[in-house]
Amino acid sequence: MKLIYSLLLVFCGLVITNAQKTYTVQGTVQDFHDKTMLENAVVKIGEFSTRTDKTGKFSFKQIPAGQYKLIAKHPDCNDYTENVGVTQDVHLTINLEHHIGEIETVTIHVDHKTKGSVIMRTLDKTEIERNSTENLGNLLSKIAGVTALKTGNNITKPVIRGLYGSRISIVNNGVKMAEQEWGVEHAPNIDVNDFEHIDVVKGASALKYGNEGVGGVVILEPSNLPKKDTVMGSVRLSGISNGRGGEIGANVLKAWENQWFVKAGGSYRKTGDEYVPHHTLQNTGMEFNSFNFSFGKRGFLQGFDVSYSGTNQEFGIYKGAHLSSPEDFYNAVNFGQPYFLDNFSYDIDHPKQQVEHHIAKLSAYKRFADFGKLTFQYSFQLNRRKEYDIRRGELNELPSMDLRLITHSASLIHLLERSNWSLESGISAGYQDNYPNPATKARRLIPDYYRYDAGAFSVFKYRFSSKLNAEAAVRYDFSRYDSYKYYDSDKWEANYAAIFPQFFVQESGSRTLTRPILDYHNLSANLGLDYKPTQDYEFRLNLSRTERTPNPAELFSDGLHHSAAIMEEGNLNIKKETIYNINLSLAGHFDLLRGLHLEINPYLMYSDSFVNQVPSSILNTNRGVFPVWTYQQVKARMMGVDADAELSILSNLKWRSGFSILRGDDLSNNEPLILMMPAKLRNSIELMLNKPKNFYVTLENENTFKQNRFPIRNLPVTFIKDGVEYNETVDFSSTPAAYALFNASIGADLFKNLNFNFRINNLFNTEYREYLNRLRYYMYEPGRNFVVTLKYNF
């Protein structure tokens with residue numbers, strides 16, 4: 001028995017000794033792209049932790065045998081996670097994604113700062129949530145140098161430094177929106193609540209999104225996905241006093257630790273006729289709904305996602321903008337005589353606009369250790385726009401305009417990064433099919449056309465030192481229009497027959513059928529410098545030359561644009577537009593109180609082929625009286641200054657200010673450019689407390705100055721009153737008076753997951769008109785509006 005016990009003890013001792021055996025785990029942490037060794041990276045294996053030395057090496061001397069989760073972290077990198085089995089000495093080579101700094105001409109951004117970037121302003125998640133019921137145009141107007149072009153009070157689109165329409169590209173989750181953006185009253189089909197932050201980018205980095213965004217690119221980015229097993233989301237409910245409406249929205253995300261995800265969301269908003277000081281405007285209600293869904297896998301080395309988003313919106317067009325007689329038109333514009341007031345309704349009657357937009361996207365990427373990252377993306381878009389005019393009899397139920405635009409786009413992008421430089425290059429192709437439904441029995445404003453696009457770009461960024469970065473970009477684009485359009489025969493003979501005889505197809509009564517086929521070759525380039533002599537000061541300079549293909553309205557429009565209440569005439573002679581841009585940014589941080597950040601951004605733009613739209617006459621039709629706007633190509637110069645300041649008065653008290661001023665000149669006609677935004681000054685002060693949690697109170701003041709520089713485009717009108725013929729002049733040129741608005745907001749977390757926001761817009765119910773509202777002649781801007789929002793997060 002003693003022998004047996006002795007053998008058992010020896011055996012157990014061997015087992016215990018074997019169980020407690022330890023091994024060495026060592027290795028290196030390096031950049032995935034260029035193999036640069038990373039110093040001061042944290043490496044954890046189970047409960048053990050260490051850091052890499054100057055050569056990127058790490059070492060654990062005594063790790064017991066077993067299975068462990070290994071985690072590597074670096075301040076400038078994505079975390080790396082791997083399951084490691086330790087049954088012997090182990091040597092590991094860990095690759096982390098380590099990005100070099102990069103410069104972008106203008107990036108409105110705060111929480112996502114990149115070293116070397118030019119930062120102007122923020123539109124982060126907090127700002128979006130506090131203004132969740134606003135549309136994209138109104139939301140972006142909070143930024144210095146950005147305002148909104150309006151058709152009424154519901155239809156707005158962003159204007160960046162005087163440029164708008166197809167000169168502004170909007171990128172929705174990586175997809176460049178294609179939605180007949182040429183129209184002044186075509187509001188972007190966007191639900192701002194789908195996004196984590198919104199950036200406005202100009203310069204070389206913007207060239208990868210296409211050559212048409214000569215004024216800027218608005219990039220809407222969804223939230224980053226958590227790398228863990230979780231379910232999260234929110235439900236939002238808002239009440240809106242002006243229009244007596246509300247909004248409800250929800251989103252949900254399911255993510256897995258293996259980096260798969262699925263998410264969905266949507267919203268619905270309904271308001272009735274809008275209130276302006278002392279009156280309600282008839283037929284100004286709106287209805288909006290959106291839905292989005294996506295799934296995929298986002299790994300470090302590779303990933304993909306499939307997504308869909310759709311919006312559907314219906315806007316009433318103020319009836320007082322569609323006047324039946326020249327006398328009413330004269331009285332409305334010259335004397336501000338209002339029509340169609342004070343009968344509130346939720347009904348949306350004619351004239352109105354219905355728009356639906358669908359986006360389906362497939363994207364995938366793969367990283368290669370030495371070759372770089374490849375990204376492929378395909379997207380499909382369907383835009384359907386119907387505009388209803390006030391028509392007689394059976395025609396009243398037919399839309400006066402019914403446009404269907406289908407867009408296919410594909411791109412392949414390669415990104416190669418090294419320790420001091422990066423090169424991003426790509427190719428893209430696109431196809432558009434625009435179909436105006438002839439069942440409307442009305443003249444088509446925009447004809448049938450096919451558009452073909454192909455492009456290639458390359459952006460090179462180089463870091464000379466920790467203080468100096470440089471960037472250069474070049475892009476080539478080819479575009480072709482293949483269209484079918486009817487002209488009045490007399491207009492075709494007078495304007496185009498001798499210039500474009502190859503486009504003639506046939507005569508059809510008093511109309512001439514043509515097939516314009518137009519090709520455009522565009523070359524754009526940008527140079528940028530970013531110099532940061534100290535931690536507190538930064539200097540940036542960007543020079544660019546961009547070429548843009550004319551949009552369909554500039555070339556082909558011909559007829560009544562119902563929702564804008566104007567007649568439009570395109571010009572087939574318009575050539576591609578070339579714009580030269582100089583952009584300078586000076587930023588500094590000063591030790592005043594708790595800190596002052598100041599950034600001044602002067603700029604200069606010049607074009608000898610600027611496409612301008614101006615009112616030219618008045619047309620009295622059987623459907624009403626409308627001003628005629630025509631397109632022309634001129635020499636133009638725009639220059640201005642944007643400035644932003646933020647002062648921390650106390651640790652919980654901040655003052656923010658933004659100022660912008662712009663001067664635009666039509667050098668061909670020696671007059672100011674039309675629709676140049678007036679000078680604006682915005683100030684706000686915000687108090688933040690921790691009890692209750694995330695409590696804030698904000699008071700804002702917006703000052704808009706009178707635009708004293710405008711072209712004289714007054715229009716003659718003739719009408720008969722009491723048997724007497726009057727020949728009068730409609731003052732279509734004078735600009736509205738200056739005005740000041742005050743807004744206030746308050747919010748806090750009421751409970752752990754419940755957030756409350758309350759906002760008052762136009763606190764003192766100020767009566768005012770905006771110069772950039774194309775319906776300003778007939779209506780005032782909205783009066784006081786109370787908006788309360790409850791959001792439950794889970």
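User: Is Leu593 buried or exposed?
Analyst: Leu593 counts as exposed, because its relative accessibility is 57%. Here buried means under 20% relative accessible area, exposed over 50% and partly exposed in between (1.4 Å probe, protein chains only). This is a predicted model, where local features need pLDDT of at least 70, side-chain atom pairs count only at pLDDT 80 or more, and totals for chains, interfaces and linings use all residues. Residues are numbered from 1 along each chain as its sequence is written, and side-chain values use heavy atoms, with hydrogens and water left out.

User: Where does Leu593 lie?
Analyst: Leu593 is in the loop between strand 34 (577–590) and strand 35. Helices (H or I, at least four residues) and strands (E, at least two) are DSSP runs, numbered from the N terminus. The phi of Leu593 is positive, near 55°, in a residue other than glycine.

User: What about Asn173, what is its phi?
Analyst: Asn173 has a positive phi of about 50° and is not a glycine. Asn173 sits in the loop between strand 11 (168–172) and strand 12 (175–176), and is partly exposed, with a relative accessible area of 24%.

User: Zooming out, how many helices and strands are there in the protein chain?
Analyst: The protein chain has six helices and 45 strands. Its radius of gyration is 30 Å, close to the 28 Å that the globule rule gives for 794 residues, so the chain is as compact as a globular protein of that length. That radius is taken over C-alpha atoms, and the globule rule is 2.2 Å times the number of residues to the power 0.38. Of the 794 residues, 54% count as buried.

User: Which domains is the chain divided into?
Analyst: There is domain 1 (22–98), domain 2 (120–219) and domain 3 (220–793). Those bounds come from an automatic or database domain assignment. The C-alpha centres of domain 1 and domain 2 are 43 Å apart.

User: Which residues have the most contacts inside the largest nonpolar core?
Analyst: They are Phe329, Met638, Val730, Phe732 and Tyr778, in a core of 51 residues. A nonpolar core is a set of buried Ala, Val, Leu, Ile, Met, Phe, Trp, Tyr and Cys residues joined through side-chain atoms within 4.5 Å. Strand 36 gives the most to this core, with seven residues.

User: Why does this core lie between domain 2 and domain 3?
Analyst: Because domain 2 (120–219) and domain 3 (220–793) both give residues to this core. Apart from it lies another core of 23 residues, with Met401, Phe500, Leu555 and Val611 among them.

User: OK, Glu424: buried or exposed?
Analyst: Glu424 counts as buried, at 16% relative accessibility. Glu424 is found in strand 25 (residues 421–436).

User: Which side chain has a polar contact with that of Glu424?
Analyst: That would be Lys208, and the contact is 3.5 Å. A polar contact is a pair of N or O atoms within 3.5 Å; within protein, one must be able to donate a hydrogen and the other to accept it, and residues adjacent in sequence count only if both atoms are side-chain atoms.

User: Last topic: where are the cis peptide bonds at Pro351 and Pro692?
Analyst: One joins His350 and Pro351, with omega about 0°. Another runs from Lys691 to Pro692, with omega near -10°. Pro351 is in the loop between helix 4 and strand 22 (352–368), and Pro692 is in the loop between strand 39 (680–689) and strand 40 (695–704).
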